[in-house]
Amino acid sequence: MVSKLTALGLAAVATLAASAWAAAAETPRAAAAAPTAPQADFDHDGKADIAIGAAGATVGGGAGAGYVSIVYGDGATATFSQNTAGVPGAAEANDHFGGTVVPVDLDGDSYTDLVVGSPGEHIGQVQAGMLIVLWGGPDGLGKATAVDTGAKSGGSVGSVVTAGDFDGDGRPGLALSGPWAVRFLNGIGRDGKPAKDSLMPVFDDEGAVNVRDLSSGDVNGDGITDLVLTVTDQEESDSWRSALYVGGKAGLTRVGSLIGANGKRLNGQHTAIGDVNHDGYGDIVVGHGEFSDSDWSRPEVKGGGVGVAYGGPQGLSSTLTPVWINQDSAGVPGVSEQADGMGTGLAVADTDGDGYADVLAGVPGEDFDGLTDAGAVLLLKGGPKGLTGSGAKVFSQNSAGVPGVAEKGDALGESTALGGRLVVGAPAENAGDGSAWALNLSGNSAAYSPGSFGAPATKAGFGGAVAGG
């Protein structure tokens, strides 16, 4: 709790964070909450585009330099690396360009831009990380700019990034993780310099913590983006917990931790935000794909699970009880088994235009047809009662209409994105070369691999990050 930290303690946390970064009762509403993330439409032709990261790829002789491939809505493709003309930097070993891909219209020109994380980027001999914006335009993504993040060392900038209008000024900015803090960059211009750069130290009753995941959306329905932080203790890497911070003109305010019906933290490794019950408030969806020793007595997360904390005017609903859903829940295909990893890949959006956001949950450890860790994804439907197992669907490479054939160790579902299509990554496919899919619920699904773009394949981890739909 904040009350356990003295003013001197808060100042110390703030100083540590800044120096480490530089040196290292609700009434339903008629309108649905803002979507979790902007639709990726880089050329503004009205057709959704897809971005696929391959952070492990060898480029220019540098293993793990990485690249990003784009599939436009009209079928055209493109690939970008730091050896692409106009992209800042140079492809070097272990830069991991493409480790994160975040679509957002940063400059308000109606063309979606793509923020690409390169968390392994070095400054001199020290790992600092880097963000690069590929700017959208009539011909798609083209000009690129390195963002001035203030990173000097130790921050792995670009490993965790989300976008949103957290201060309500009408223009989205970026939130990114740093040592014991979240950095906010607002008003990023084509020169890469933000008009505003602020640092928010992150702490809870355990003191300073590591930021492991960030997600953004409008939870309290006020039109300003809110932020969910997922953190762990510095000593215990499996001590996952998430908290909601609501956005506002004066900045972000901590509402509190996500608490389940049993009074325990609604904890998991990843979160996403969407209005699954169509009441005008974004709901916080938690993916608990990683099993830890503390989970042995928790049947709701056996084999992984998806939790929901419902939103309301104060941020978290005071009337709707949080829920957990796993493969033992009524209507959900399959059976919960240890190491299934349900919720490892997590995305939230309305797939069918009914006003209710749906949840796509990866199950990369799913076994079937005698195949170990072949992987699958579950589509859980939102509705008037919120998220339930009713109408849930499962997809694997052995499903009708899905290209490819399921094989042992493919781990389909490590990454997901959701729009009108289900975008799914399997970076372990083909001995680590990787693949990705765009599954269209009405047919015409497509599969992509490095060969689809004439890009380097060996151990590329293609599909390790996906966006769009």
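Guide: Let's start with Arg190, which is partly exposed at 41% relative accessibility (buried is under 20% relative accessible area, exposed over 50%, partly exposed in between, using a 1.4 Å probe and protein chains only). Bear in mind that this is a predicted model, where local features need pLDDT of at least 70, side-chain atom pairs count only at pLDDT 80 or more, and totals for chains, interfaces and linings use all residues. Residues are numbered from 1 along each chain as its sequence is written, and side-chain values use heavy atoms, with hydrogens and water left out.

Arg190 makes a salt bridge with Asp109, and their closest N and O atoms sit 3.5 Å apart (the rule: a side-chain nitrogen of Lys or Arg within 4 Å of a carboxyl oxygen of Asp or Glu). Arg190 is in the loop between β12 (181-186) and β13 (196-201), while Asp109 is in the loop between β4 (100-104) and β5 (113-118), so this pair ties together parts 81 residues apart in sequence. Those strands are DSSP runs (E, at least two residues), numbered from the N terminus. Asp109 is partly exposed as well, at 26% relative accessibility. Asp107 joins in too: Asp107, Asp109 and Arg190 form a network of salt bridges.

For contrast, look at Arg241 and Asp233, whose closest N and O atoms are 2.4 Å apart in their salt bridge. Arg241 is buried at 4% relative accessibility, and Asp233 is buried at 10%. Overall, the salt-bridge rule gives a count of seven.

Notes:
Helices (H or I, at least four residues) and strands (E, at least two) are DSSP runs, numbered from the N terminus.
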